[in-house]
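Hi everyone, thanks for coming. I'd like to walk you through one structure today, so please have a look at it on the screen before I start.

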Amino acid sequence: MKENYRPVSILSNISKIYERLMYRQLYEYFMDFLLPSQCGFRKGFNAQHCLIVMLEKFKEMLDTGNHFGAPFTDLSKAFDCLDHKLLIAKLHFYGVSSISNKLIYSYLRGRTQRIKINETYSEVFEIEYGVPQGSVLGPLLFNIYIIDLFYECDRSHTANYVDDATLYACGNGIYTEITNFYWFKKRMTGLNVA
């Protein structure tokens with residue numbers, strides 16, 4: 001299905017050099033803000049790290065006669081949904097200078113794309129959301145964009161690898177887990193949950 005295809009940005013080598021420089025500075029700065037549960041696109045954190053931490057917690061709960069619960073989620077087309085203005089606002093909130101924010105905003109905005117099938121081209125349209133797929137800086141910007149999700153989950157644990165997020169709660173009674181998940185659902189969706 002055509003909905004499953006995602007655009008991949010073809011970036012010049014020069015732009016990747018600049019991206020790498022920006023990446024190093026941003027990554028160093030955000031080391032204190034990124035949580036250990038955010039395992040995607042980070043050195044020393046991988047899918048195995050994410051799973052082992054979560055499974056060890058589940059094992060601990062089973063060994064002590066407690067309970068755990070976990071909905072496993074996949075953020076659909078997550079890289080394509082990143083709102084540029086919201087990302088810049090988050091960067092500003094975390095203390096990134098306005099000059100750096102302008103540079104990052106100019107990096108994200110003004111990109112266009114079109115589709116080529118055989119010798120036929122679609123019309124050109126501007127990319128208003130998302131980070132460039134195939135870029136050096138894009139994955140880090142995505143991690144920064146979703147960081148607030150994990151700060152909001154103070155009543156449960158999180159395990160995140162790229163766009164796969166698992167929120168899990170542990171406790172000595174099933175009521176604890178249900179309360180935590182209903183609280184999270186209400187907090188994230190704004191629904192009135194009884």
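**A walk through the fold**

Reading along the sequence, the pattern of this protein is α-α-β-β-α-α-β-β-β-β-α-β-β-α. That gives 6 helices and 8 strands. Please keep in mind that this is a predicted model.

Let me start with the overall figures. The protein has 194 residues, and 36% of them count as buried. The accessible surface comes to about 12,500 Å², with 57% of that belonging to carbon and sulfur atoms. Now take the contacts between residues at least 6 apart in sequence: 67% of these join residues at least 24 apart.

Which residues of H2 are buried? They are Cys50, Met54, Phe58 and Met61. These residues cover an arc of only 55° around the axis, so they sit on the same side of H2. As a reminder, an α-helix has 3.6 residues a turn, so residues three or four places apart point the same way. Turn to the other side of H2 and you find Gln48, Ile52 and Asp63, which are exposed.

And what covers those buried residues? The cover includes strands E1 (67–69) and E2 (72–74), and also strands E7 (157–161) and E8 (164–171). Just after H2 there is one more detail for those of you who like backbone angles: Gly65 takes a positive phi of about 75°.

Now for the charged side chains. There are 3 salt bridges by the rule used here.

One of them joins Lys59 and Glu56, with 3.7 Å from N to O. Both residues lie in helix H2, 3 residues apart, or about one turn of the helix. Lys59 counts as partly exposed because its relative accessibility is 42%, and Glu56 is also partly exposed, at 43%.

Another pairs Glu60 with Lys57, at 3.9 Å from N to O. Being 3 residues apart in helix H2, Glu60 and Lys57 are separated by about one helical turn. Glu60 is partly exposed at 41% relative accessibility, and Lys57 is partly exposed at 22%.

Finally, a look at the surface. Ile14, Ile17, Tyr18 and Leu21 form a nonpolar patch there, and together they have about 450 Å² of accessible area. Take Ile17 from that group: it lies in helix H1 (residues 13–30). Is Ile17 buried or exposed? The relative accessible area of Ile17 is 52%, so it counts as exposed; the cut-off is over 50%.

Key: Residues numbered from 1 in each chain as written. Predicted model: local features only at pLDDT ≥ 70, side-chain atom pairs only at ≥ 80, totals over all residues. Heavy atoms only, no water. Patch = residues over 30% accessible without salt bridge, like charges linked within 9 Å, V, L, I, M, F, W, Y side chains within 5 Å. Areas by Shrake-Rupley, 256 points an atom, 1.4 Å probe, with all protein chains shown as cover. Salt bridge = Lys/Arg side-chain N within 4 Å of Asp/Glu carboxyl O. Helix = DSSP H or I, 4+ residues; strand = E, 2+ residues; numbered from the N terminus. Buried < 20%, exposed > 50% of the residue type's maximum accessible area, 1.4 Å probe, protein only. Arc of directions from axis to C-beta. Contact = heavy atoms within 4.5 Å.
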